[in-house]
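Let's take a friendly walk through this model, one topic at a time. Have the viewer open as you read.

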Amino acid sequence: MLRSARRLPGGSVARAAVVAAALLSSLSRGSPPEPPEPAASPLSPYFGTKTRYEDAEPGLRRDPRLLGEACRPLQLVALIRHGTRLPTARQVARLRQLQALVRRPDAEPEPEPEWSRPGADGQLVERGRQDMRRLAGRLARLFPALLGRRHAGRLRALSSSKPRCVDSGVAFLQGLWRHHHPGEPAPGPADMEYGPLEINDKLMRFFDHCEKFLTEVEGNATALHHVEAFKTGPEMQNVLNKVAATLQVPVSSLNADLIQVAFFACSFDLAIRGVKSPWCDVFDIEDAKVLEYLNDLKQYWKRAYGYAINSRSSCGLFQDIFRHMDKAVEQKQRAVIILQYWNLQELCTSRLY
């Protein structure tokens, strides 16, 4: 049901400008220690891969439990996405564009935020390192027979060359080290029992090495035509109209890409700093559902079932995982394989043998 246009308190352009200014100011302060109870937002279920891990699974704050004595773990293979990161360069450019739209002509310049520094494009933040260290600790408690200190030599850790993945992998190994050396500062990667971290883009960035995927999907201007059609459809137009009214800017100055990055700006502050961004107040649940669908639609056609090659391009990784599992069963040899992954892509669903 279409609601009346919303206004920020006071209904003035000056108040509208606070939204972007507060966002940029908050991000510029970096990543403080996590508060005991981080801020929440009713929009959190709609952020997709940018959802805080504890929002998606509240049980992460509790110690994990295994299935009693019914399971004797032989091998653990973990395919792990990187930890919480800064916005990418493309997202930063769009955030700056939004800031310019709502900034008052006489407004004081904002301090340079953390994500504007050279090389900050999508880099891992301290919260992301905490994500990985805590995950390592949970897995070590859950699988002591595999991740115990005396089994360190059996662990194989791989990552793509993406800096946020490399940093996530190192943080994971540090988390294992800290689990077995409580209270001691973690040494550099070269001085830990676990590791070293192997870089293998052919395995972990398989889509970059699949010519058919690069030609038919990644480099095909028409591959996402369903996504482009939705961006200009009535559902998205309704969101554009509502946000334009809230920010008091011409609707013609906005588009679906700007609206989506504003929506994700809410998730960045929640995930990185544990605070609620002013951008969260720009959207309601109905807007969030439309923007979640837009993101899902893009991933469906670019990374999932939209094209058969999307999943088939991952068959090399899929086969590598099962090859190691088969070897572990045959030789009854315990091992752990940690795969630090850059992006989400539907795993191979075709017949392997």
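## The disulfide

C266 and C280 form a disulfide, with their sulfur atoms 2.0 Å apart; a disulfide here is a pair of cysteine sulfur atoms within 2.5 Å. The torsion about the S-S bond of C266 and C280 is about 95 degrees, so the disulfide is right-handed. The pair links distant parts of the chain, 14 residues apart: C266 lies in helix 11, and C280 in the loop between helix 11 and helix 12 (285-302). Helices are DSSP runs of H or I, at least four residues long, numbered from the N terminus.

C266 counts as buried at 0% relative accessibility, and C280 counts as buried at 5%. Buried means under 20% relative accessible area (1.4 Å probe, protein chains only).

## How the model is read

This is a predicted model, where local features need pLDDT of at least 70 and side-chain atom pairs count only at pLDDT 80 or more, while totals for chains, interfaces and linings use all residues. Residues are numbered from 1 along each chain as its sequence is written, and side-chain values use heavy atoms, leaving out hydrogens and water.

## Around D320

D320 sits in helix 14 (residues 315-331) and counts as buried at 10% relative accessibility. Its side chain makes a polar contact (N or O atoms within 3.5 Å, one able to donate a hydrogen and the other to accept it; residues adjacent in sequence count only if both atoms are side-chain atoms) with the side chain of R323, at 3.3 Å. Leaving aside neighbours within four places in sequence, D320 is in contact with R156 and L203, contact meaning heavy atoms within 4.5 Å.

How values were computed: Helices (H or I, at least four residues) and strands (E, at least two) are DSSP runs, numbered from the N terminus. Buried means under 20% relative accessible area, exposed over 50%, partly exposed in between (1.4 Å probe, protein chains only).
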